[in-house]
Amino acid sequence: ERTECFENNYVRYRWDYYNEDEFFEFRIEQSIVTSETILRITDFAEKADLESSEQLWNQQVADLKHRIGA
């Protein structure tokens, strides 16, 4: 597993045996319009797995929101 990150910008995870474009990444951004904090998740998935990957991340984010009281 390889981790790449830039402080206060993003963290990216990639397994050594995957291609360079196969990773998942978390970015924390702030909207210049509303000043809201945005968690942007980017994940590589095969076309056949897109729906299940989206459901997984939606559930994970919902769980995170619940745990932090958002």
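**Pocket, patch and exposure**

Analyst: The largest pocket holds about 160 Å³ of space. The model is predicted, so local features need pLDDT of at least 70 and side-chain atom pairs 80 or more, while totals for chains, interfaces and linings use all residues. Residues are numbered from 1 along each chain as its sequence is written, and side-chain values use heavy atoms, without hydrogens or water.

User: Which residues line the largest pocket?

Analyst: The lining consists of Thr37, Ile38, Leu39, Val61, Leu64, Lys65, Ile68 and Ala70. Two or more of these residues come from each of β4 and α1 (50-68), and α1 gives the most, with four. By type, the lining has six nonpolar residues, one polar and one charged.

User: Why is Leu39 called partly exposed?

Analyst: Its relative accessibility is 39%. Buried means under 20% relative accessible area and exposed over 50%, with partly exposed in between (1.4 Å probe, protein chains only); therefore Leu39 counts as partly exposed. Leu39 lies in strand β4 (residues 37-43).

User: What nonpolar patch does Leu39 form on the surface, and with which residues?

Analyst: Leu39 forms the patch with Ile28, Leu64 and Ile68, and together they have about 390 Å² of accessible area. Patch residues have over 30% relative accessible area and no salt bridge; nonpolar side chains are joined within 5 Å, like charges within 9 Å.

User: Why is Ser35 partly exposed?

Analyst: Ser35 has a relative accessible area of 48%, therefore it is partly exposed. Ser35 is located in the loop between β3 (24-30) and β4, and its phi is near 65°, a positive value in a residue other than glycine.

How values were computed:
Accessible areas come from the Shrake-Rupley method with a 1.4 Å probe; for residues, only the protein chains shown count as cover. A salt bridge is a side-chain nitrogen of Lys or Arg within 4 Å of a carboxyl oxygen of Asp or Glu. On a 1 Å grid over the protein atoms alone, a cavity is a set of points where a 1.4 Å probe fits but cannot get out, and a pocket is an open set with protein on both sides within 12 Å along at least five of seven lines; lining residues have an atom within 4 Å of a point. Grid points are joined across faces, edges and corners, and a volume is the space filled by probe spheres set on the points. Ala, Val, Leu, Ile, Met, Phe, Trp, Tyr, Cys and Pro count as nonpolar, Asp, Glu, Lys and Arg as charged, and the others, Gly among them, as polar.
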